[in-house]
There are 4 protein chains.
Amino acid sequence: MIPRYSRPEMVAVWSQETKYRIWFEIEAHACDALAELGVIPESAARTIWEKGNAATFDVDRIDEIERETKHDVIAFLTHLSEIVGPDARFVHQGMTSSDVLDTCLSVQLARASDILIADLDGLLAALERRAFEHRDTVTIGRSHGIHAEPTTFGVKLALAYAEFSRCRERLVAARAEIATCAISGAVGTFANIDPRVELHVAKAMGLTPEPVSTQIIPRDRHAMFFATLGVIASSMERLATEIRHLQRTEVLEVEEYFAPGQKGSSAMPHKRNPVLTENLTGLARMVRSYAMPAMENVALWHERDISHSSVERYIGPDATVTLDFGLARLTGVIDKLLVYPDRMLANLNKFKGLVHSQRVLLALTQAGVSREDSYRLVQRNAMKVWEEDKDFLTELLADPEVLAALPEAELREKFDLGYHTKHVGTIFQRVFGRGG
Amino acid sequence: MIPRYSRPEMVAVWSQETKYRIWFEIEAHACDALAELGVIPESAARTIWEKGNAATFDVDRIDEIERETKHDVIAFLTHLSEIVGPDARFVHQGMTSSDVLDTCLSVQLARASDILIADLDGLLAALERRAFEHRDTVTIGRSHGIHAEPTTFGVKLALAYAEFSRCRERLVAARAEIATCAISGAVGTFANIDPRVELHVAKAMGLTPEPVSTQIIPRDRHAMFFATLGVIASSMERLATEIRHLQRTEVLEVEEYFAPGQKGSSAMPHKRNPVLTENLTGLARMVRSYAMPAMENVALWHERDISHSSVERYIGPDATVTLDFGLARLTGVIDKLLVYPDRMLANLNKFKGLVHSQRVLLALTQAGVSREDSYRLVQRNAMKVWEEDKDFLTELLADPEVLAALPEAELREKFDLGYHTKHVGTIFQRVFGRGG
Amino acid sequence: MIPRYSRPEMVAVWSQETKYRIWFEIEAHACDALAELGVIPESAARTIWEKGNAATFDVDRIDEIERETKHDVIAFLTHLSEIVGPDARFVHQGMTSSDVLDTCLSVQLARASDILIADLDGLLAALERRAFEHRDTVTIGRSHGIHAEPTTFGVKLALAYAEFSRCRERLVAARAEIATCAISGAVGTFANIDPRVELHVAKAMGLTPEPVSTQIIPRDRHAMFFATLGVIASSMERLATEIRHLQRTEVLEVEEYFAPGQKGSSAMPHKRNPVLTENLTGLARMVRSYAMPAMENVALWHERDISHSSVERYIGPDATVTLDFGLARLTGVIDKLLVYPDRMLANLNKFKGLVHSQRVLLALTQAGVSREDSYRLVQRNAMKVWEEDKDFLTELLADPEVLAALPEAELREKFDLGYHTKHVGTIFQRVFGRGG
Amino acid sequence: MIPRYSRPEMVAVWSQETKYRIWFEIEAHACDALAELGVIPESAARTIWEKGNAATFDVDRIDEIERETKHDVIAFLTHLSEIVGPDARFVHQGMTSSDVLDTCLSVQLARASDILIADLDGLLAALERRAFEHRDTVTIGRSHGIHAEPTTFGVKLALAYAEFSRCRERLVAARAEIATCAISGAVGTFANIDPRVELHVAKAMGLTPEPVSTQIIPRDRHAMFFATLGVIASSMERLATEIRHLQRTEVLEVEEYFAPGQKGSSAMPHKRNPVLTENLTGLARMVRSYAMPAMENVALWHERDISHSSVERYIGPDATVTLDFGLARLTGVIDKLLVYPDRMLANLNKFKGLVHSQRVLLALTQAGVSREDSYRLVQRNAMKVWEEDKDFLTELLADPEVLAALPEAELREKFDLGYHTKHVGTIFQRVFGRGG
């Protein structure tokens, strides 16, 4: 967790204070269920809630006890008994440390998911707003980094919107994967605790009961969760890369926001670096990398070994905090992105009219000119544009052989950008449910 | 694609023959739509279907043309025109190579998914059968590789069943991710082709239309697909690892099947190696590794660059063929697994009765003995088991201080394995919808 | 191994024929050593060499036997006995299959390394030639994709040369890692074979003896080998990415070679796609990904499990064949790269003279103007360049306040590109050992 | 950086205080060189050293300035000028931020390497001591987790020693990769600074000058560095896995150290979990995973983009701190490992004498019995051991057909464990340079 790439709300999910509060809630809900089942007195359960709710868990004190006992859950329970008094002996009855630890991790990952889903909603809102704003801002589409055919900047943003909508769906599914509760004992057999305790705690904590666990919740769930974050990070990288490309000096169709009077950029006004999106590219590499140890965590030995634990101490916070920061940063970038439609048009017309050569070629063929001849005609005029910086339409209009096949009006019509944007409404309809 | 780790049905999905057949179908369906829209003659569409259906596409001939044209789709279309005749000029109108290539990849990945789903169904069936067979086969549960509490072999298999059920759900979701069709032209604007063509072809090929594409279908879809295969492979590794552990000489609770008379194992009858599950462990590493380049494929430049293509030529076949082989092999292993309940019981009783020490400790406390005294009592008898190979119950019964707190009948009751298996039915009910 | 990304020499390293020939040589050299030690008759060793050298190993026949015996080494030995006759009983005495398999893999990886080293030498030669050709071809250096200060295209290539020189050193080290020989028996104790056999075979096969092995050669060696290939692939990606950037329509400073008359590019002369370097980017992703399973292969169980084997059947050929192809392709790209110095200069001067603004700022400060005033002076003239497309030097010369601080001659001197290239000779001297 | 997996010395390498001190030293050494070249006054260089050496850099103050300037190096220089006074204007002349940042990272990684090399030396010393202690402690070697042939525990440790010796060599090479200094300006051309400054600073900081850089030191160096740490972590995982296997209840040949009186293990004396080595397995997954983003960092755009920076903020500290902690923990585990030779022998003899069946088979063949008959003889006696728990030698001695071929003395000789350990001295000689 790097402070400069962290936001407080997500950091709070992973604080010691949050963790102990969740532990307490799990234990106290379990006491409710045990009381309901007649295993422990109802008054004890009530006392535990009252005293625990009123108390602040002392992280330093728990640390102190842990240094002695070398066991985090026991340290917490000891501290809890200092708070609750004699009724504390009814806490944790028949439970295993992992029951608390794993269910707590589920709660933390579910809360982290909720923040990330909200992040995506924010990003989607920004993308939608800017997409409609630039629905008709014509720009050149590029394949292989080479000019291809016109599209609109809005379509580019609609694509990103659709992509992050998919990411949102994936994240909702990933959240369901890890929002489970296991209170099933040392090897998952419920030997010392009634399965109904698990059902109760699950419901109370907003989780679903794990159908069958070992000492722990199976780690294929977590692998799927972190793999999903890796895919989302990769989409973040894609959009960041697009912006970096569009901001490069020779293209300059968009820029990350900068305050107009901002000093430093004035002496070299071209020197505005897309550092936010470059940063996002790096952050994406990190989040993606966490998928690998998460997958290696699946094949634990028998009913559990503890090798997954250290991995999760890293990637639990790091993946969620980093992605949260990244998505928020990306939202800011999109929200305030400086867009230069004139420059887009200028780039599109870089080779004066040549972008329409394919259409002219097709028109000539359809007008009955042989494929070979059509090619020759287009080529000799295209070459003048390419080599002599001439205007394509002007050259074509001056070529009698071309005019013989295509009258001027028809020829001019082939240079209509509207030809390329006529279905943008349809695309928007598909993506946003409204065309404009 | 390694022949020894390949099965013919999945290999066929990736053959040149299959690919060209799918290309043909996409082109021919597009012709139907174009004819319906009045762009090309209906008779042409009919002819294309008739001639194409009757023909076998000549892979060598297409290769030959490709060597000249250096373009696979053009080579195919040239060959198609050799088959179809003059009407071939109506094929591919307004389309881009990627329209065909990407939609074909979707079809192949969807078919591969169907095979993998069937594989999982086979594995689930085997797991269910063996789980019920061993629902009550008591075995020791282990945490950290160390004996913990009893469970049953059936519960172990139920856990695997639940895990692979999740894998199946994930795969169904992953299939939906990549089962999309894009026929949208050079930069995704439908400039030269009506969006209705895409809708028609999508439906005809069993795909959903891609809401918005560039020249290609967005690669976050494929990243999610291959990441999912990586998670499934990791679950495969988990179960394989479990079996490898259980087969090791000192444990020997299960063995991969071997024919009774099999020579080679006779001189060293203990030397039966779990080579199938070791192999699965290696295969899992490969399938998992493909998630990484798939995620790196997402951030293509602008409306596409072609860097994803080479990656997919490797991982498309390799990931699906390897996982198909692995799941089938795992199914065979589970189906025919030799299970040794006696040995399970013997291992469980390795430290004669010590596995019940926790319960005895708890019983003493509940009988009113102080925690410290309970500990001392259990410990002094446990140590005799550990150091002198004595029987725990016998020792306890001979310890007057113990008997003073716990009468013999109660003490004996603590050694009942049924205590640990009493909720197995509940677990099975949760996992399989039936308890036994 | 994808045929289109494979070259025959490297493919041959991994053929069945090559493998069996190496197996034979290992066995025959071992026989020499055993004969020398008096364990088997010298005449037998001679016969084995004579018959084996004269024979062609029949891959189909060996496959046939393997289908029966389910053991590749036994199948080979059986076939060898068909060739050699009764003396074949002296072959493989005291050896374990892994002795042959692992030593063979070492030979194959060492041969693959030799090809890759030659590939790097070819690439280095191409880079050096083009670097000197363009030692003084001035071009704009870019940070963050934004124009920074001038450099030369030769310096860019010198950087690549230095990088691939490091790659070569790494590869030589990686080759040494895996060029070891182990003939040490079932668990590495030489129980059934004299260690001198290993020494003899190692020397004869051009390998070093493994100081201590288990049944196999330790896999940290192979992990290091494949990790090194991953790093080399990443450098390949870097150079490919550089070229892709420089070829994009708006930059167009270089292009991958195309034949002047090449049809297809004429109608859209700007549409020349950097498909080779895009392809290299994808191939790099694959080679890099193989590092991960190679590292996971290290932690085998006890004296060996066979999980590494399947991984190596994939990545042994795939990593080396793909990297060989990639390096050769990159060499071709560099060798024939079309370089456009005029365009480089035009891009550099895109913001007429603005690239020198930093130097002017510094000069003003050094001439005694305060930092704030210097800034103001540079800024007001820079803004005219940026907003009104004026020429920076002209504007400065027309600004009396500037001229008051810096006389015209001095001002003009600040616009000398030679200022930026004055140390290029030093850099070349460091990299190539000669400055020009 | 997880506190519980961190050691103070390595953490200190990455502190803000350390970083600013290194920045200061780089700047001050550069001033020396600039003074020597006559660019700045010698007295200024002296003052800078004197004031800077006497001062403590105020991290909070620098943070405060950075919040304003949004630039870390400028913030530091501003603070430095607060300390140094007017002469501070001579600091950083002609330099670029990356000159300081990248050279500092080199120093930090070199220092981290030194700590890691010392860690490896500590581990090697522990391995050597324990290896000689158990040079002749016979234990069963296992392939596939199945008993194979005897070896010694010392050989196991010698293997680990050889492996970590290789790791040490790799780390020394990796250190050389990243111990370079670049002070070459905005695009690496030395436009504003004499290359001799770089030479001076490099020497003063214990680095080598980077032959050719861009704005930054090329990232293939760092990729190689982190890939090497990944390989070392994988070796750490291998040894940890070996110990985990040997500690499992059914094997119990070694145990991680525990204090004899340690409470908690007494009631269930078998319940001593190999949690340290399990933890190391997880840590290895993390360190290994960092190789991937490090490799993705190589392909930066043109003369640099800043995407690598965020990645390195994570993996620079995380990889080195985690590996340092892991190696130290592993050293402790090896140093104090509880080894149970009796249990090793008991396990070896689990199938009474069967481990020698291969040798008996060979002896029969060598005595002239046909392969088929030898097999039959061994098999019928082996089966009695396997199925009826008989003793193999006793059975053989009672089998007249066996005795007819092999006299008793010879037969008994085949059961000599010394046969398997006779070359252990040779192996030790190879690994440690001394046999015993």
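## Close-up views of a predicted model

**Figure 1. The side of chain C that touches chain D.** In this predicted model, chain C brings 61 residues into contact with 61 residues of chain D. Seen from chain C, β1 (138-143), β2 (146-152), α7 (153-178), α9 (220-247), α11 (291-296), α19 (418-421) and α20 (424-432) each give at least two residues to the side that touches chain D. The largest share is that of α9(C), with 13 residues. By class, this side of chain C holds 28 nonpolar, 19 polar and 14 charged residues.

**Figure 2. The axis relating chain C and chain D.** Chain C superposes on chain D by a rotation of 180 degrees, with 0.0 Å of shift along the axis. The RMSD of this superposition is 0.1 Å. The two copies are therefore related as by a two-fold rotation axis. Within chain C, A227(C) has the C-alpha nearest the axis, at 3.1 Å. Of the interface residues of chain C, 100% are also interface residues in chain D, so the copies meet through the same surface.

**Figure 3. The side of chain B that touches chain A.** Here 61 residues of chain B are in contact with 61 residues of chain A. On chain B, two or more residues come from each of β1 (138-143), β2 (146-152), α7 (153-178), α9 (220-247), α11 (291-296), α19 (418-421) and α20 (424-432). Helix α9(B) supplies the largest share, 13 residues. The side of chain B that touches chain A comprises 28 nonpolar, 19 polar and 14 charged residues.

**Figure 4. Packing of α14(B) against α15(B).** Two packed helices are described by the angle between their axes and the distance between the axes. Helix α14 of chain B spans residues 357-366, and helix α15 of chain B spans residues 371-388. They pack at an angle of about 145 degrees, with axes 9 Å apart. The crossing of α14(B) and α15(B) is right-handed. From α14(B), the contact takes S357(B), V360(B), L361(B), L364(B) and T365(B). From α15(B) come R371(B), S374(B), Y375(B), L377(B), V378(B) and A382(B). Seven residues of this contact between α14(B) and α15(B) are nonpolar, three are polar and one is charged.

**Figure 5. Packing of α2(B) against α6(B).** In chain B, helix α2 (residues 16-36) packs on helix α6 (residues 97-133) at an angle of about 115 degrees. The axes of the two helices are 9 Å apart. The crossing of α2(B) and α6(B) is right-handed. K19(B), I22(B), W23(B), I26(B) and E27(B) make the contact from α2(B). V100(B), T103(B), C104(B) and V107(B) make the contact from α6(B). The contact of α2(B) with α6(B) counts six nonpolar residues, one polar and two charged.

Figure 6. Chain A divides into domain 1 (3-90), domain 2 (97-257 + 270-347) and domain 3 (354-414). Taken over C-alpha atoms, the centres of domain 1 of chain A and domain 3 of chain A are 79 Å apart. The mean pLDDT of chain A is 95. In chain A, 98% of residues reach a pLDDT of 70 or more. The model as a whole scores ipTM 0.96 and pTM 0.97. Where pLDDT is low, the predicted coordinates should not be read in detail.

Key:
Residues are numbered from 1 along each chain as its sequence is written. Chains are lettered from A and ligands numbered from 1 in the order in which they are written. This is a predicted model: local features need pLDDT of at least 70, side-chain atom pairs count only at pLDDT 80 or more; totals for chains, interfaces and linings use all residues. pLDDT is the predictor's confidence in each residue, from 0 to 100. Two residues are in contact if their C-beta atoms, placed from the backbone, lie within 7 Å. Helices (H or I, at least four residues) and strands (E, at least two) are DSSP runs, numbered from the N terminus. Ala, Val, Leu, Ile, Met, Phe, Trp, Tyr, Cys and Pro count as nonpolar, Asp, Glu, Lys and Arg as charged, and the others, Gly among them, as polar. Copies are superposed by least squares on the C-alpha atoms of residues with pLDDT of at least 70 in both. Domain bounds come from an automatic or database domain assignment. Axes are lines fitted to C-alpha atoms, for helices over the stretch in contact, and angles run from 0 to 180 degrees between N-to-C directions. A crossing is left-handed if the near helix is turned anticlockwise from the far one by less than a right angle, and right-handed if clockwise.
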